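Q: Please take a close look at the salt bridges here, and follow the charged side chains into the parts of the fold around them. I would like one connected account, with the cut-offs behind each term.

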Amino acid sequence: RLGETARKRITPRRRPAAVLAPQLAAGPVHHAHMLLIFVQSGALEGGAAQCSALRGGAAAGLVSSPAAQHAFRPAGRSAVRLQEWAARPAWESADMPTYDYRNQTFPVILAGMRRCREDRGAIPALLEQLVERDFFSYFPVNLITPCMYFPSGDAGCEMATCEIRAARERDIPPAVIARDREEYNFLIDGWVSKDMPSDFTEYFDLRESASRNTGYNGQRVWRFIHTNLCFQKRLQQEEMGWKRDFNRLVSGMHAVVDCEIIEDIGHTEEGRCEYRRRLRDEPGSILNLYYAYMLTLSAIREVSKGPSFESCAYLGDASIPPLMRALTSDDLLASDSVQSAAASLRAHASSPDFAVWKLRLRTRHLKLIMGCVECNVCKVHGTVLVIGLASTLQVLLGDDGSRDATQPAEERPDPLKLDRVSLGSLVATAAKLSRACATVERFREFDGEDLSQAYFGAPRPHADPS
């Protein structure tokens, strides 16, 4: 077992640039090769000017040296133009897209947002009571999964605020581990796959490790998500509403993280500035937050229609069934304004151009890209968020994108029959969204906005999120 070391990102041991660079540069071919790797991976440390020179002019000189050219020359070919290799992908510098779609769905979401703001009711309290139960608070996460989308390791979070303490095995209810070990079946092209219990997977208790402002800069990960995983083409066409719905959901997920950060900063001048930059001035951000909230509430209500809802014992916790019944029977969940968000999603899914596999593919990649997040607190909470939103889509759309498939009911998977991790993540995500909406309303008041407005009229100048 890797123990404590496994819970931290394994990074190369840093060496002084002034000592190591001259030795390697003057050495044989394989030493020159090593220096290139060290420079590119950030394994050298030293003065800012010195490291900058190594990464820039000095490194470029080394690349053009005979030793390096020989080390990188493929057999039978002329010298490779290494500068082309170093070219960064277009997404690294692309403009960040925005998701403020003013189409037929806009007034539908606006009406639901207004209802959620006016009728908070008992929903937030019920969700908070549920996430205090073991069933909805323990989640298995593998922190040492690699980043498979871009080189990483040179921008890790080395601050103590990024670390998260795994639950001790003796503190985890045996029923939780036993059930998770039994529920390992999944569809190869399903909506998402969880981290299976193993020697490399640890359990984390979200009650003991709340999401917070760690200081970690996840801008590169978010940029990849928004420019590669979110849909970019044909978004203005009316029949592409399902693409816009997915983008809205990802935008809502990003808004949750922003709310958790500014809530931790507090009602200070810094908090006000961050609220404006991340939420108020980000077109569509707050509306999409409420959209994601309405979809998760609709999914929770839909789960209550499943055949196993009443028979679920929630690992023997007798306090959970009454809370779940109270939650799923609340008037807010049943209101037309909230249910219209799910109805709109399903209507868009009925389009002839709808491709459910493209949604499932993207939710799986959203889960996998958590391996690129180098803040362990962020990775754990991000994993729960992704599984929760993927479960929302699974419940509302079904495994094949349609709730009325031609297969006999007994022969097709039941999207309402979620495993413990998926159901737990769905409720935990709804609780996160509920808190985020409350944070927005508090900061709107703190910022001096007119709270009688359901939404802000014209989009403000776009600010690049981090």
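A: The structure holds 27 salt bridges, a salt bridge being a side-chain nitrogen of Lys or Arg within 4 Å of a carboxyl oxygen of Asp or Glu. This is a predicted model, in which local features need pLDDT of at least 70 and side-chain atom pairs count only at pLDDT 80 or more, while totals for chains, interfaces and linings use all residues. Residues are numbered from 1 along each chain as its sequence is written, and side-chain values use heavy atoms, with hydrogens and water left out.

As a general point, side chains of opposite charge can pair when their charged atoms come close. In the pair formed by Arg 102 and Asp 100, the closest N and O atoms are 3.2 Å apart. Asp 100 is buried at 16% relative accessibility, whereas Arg 102 is partly exposed at 42%; here buried means under 20% relative accessible area, exposed over 50%, and partly exposed in between, with a 1.4 Å probe and protein chains only. Asp 205 and Arg 207 also meet in a salt bridge, at 2.9 Å from N to O, and in this pair Asp 205 is buried, with a relative accessibility of 8%, while Arg 207, at 28%, is partly exposed.

A further salt bridge joins Arg 346 to Glu 302, with 3.7 Å between the closest N and O atoms. This pair links distant parts of the chain, since Arg 346 belongs to helix α16 (residues 336–349) and Glu 302 to helix α13 (residues 285–303), 44 residues apart; helices (H or I, at least four residues) and strands (E, at least two) are DSSP runs, numbered from the N terminus. Arg 346 is partly exposed because its relative accessible area is 30%, and Glu 302 counts as buried because its value is 11%. Elsewhere, salt bridges with shared partners join Glu 269, Arg 272, Arg 276, Arg 280, Asp 281 and Asp 447 into one network.

Leaving out residues up to four places away in sequence, Leu 289 touches Gly 252, Ala 255, Val 256, Cys 259, Leu 433, Ala 436, Cys 437 and Val 440, where contact means heavy atoms within 4.5 Å.

Opposite Tyr 203 of β4 stands Pro 140.

Apart from its neighbours within four places in sequence, Arg 212 is in contact with Thr 161, Glu 163, Asp 264 and Val 377.

The loop between α15 (331–334) and α16 contains Ser 335, which is buried at 6% relative accessibility. Between the C-alpha atoms of Ser 335 and Arg 115 there are 8.6 Å in space, against 220 residues in sequence.

These details belong to a protein of 19 helices and four strands, in which 52% of the 466 residues count as buried. Among the contacts with a separation of 6 or more, 82% come from residues 24 or more positions apart.

Definitions and conventions
Pairing = 2+ DSSP bridges.
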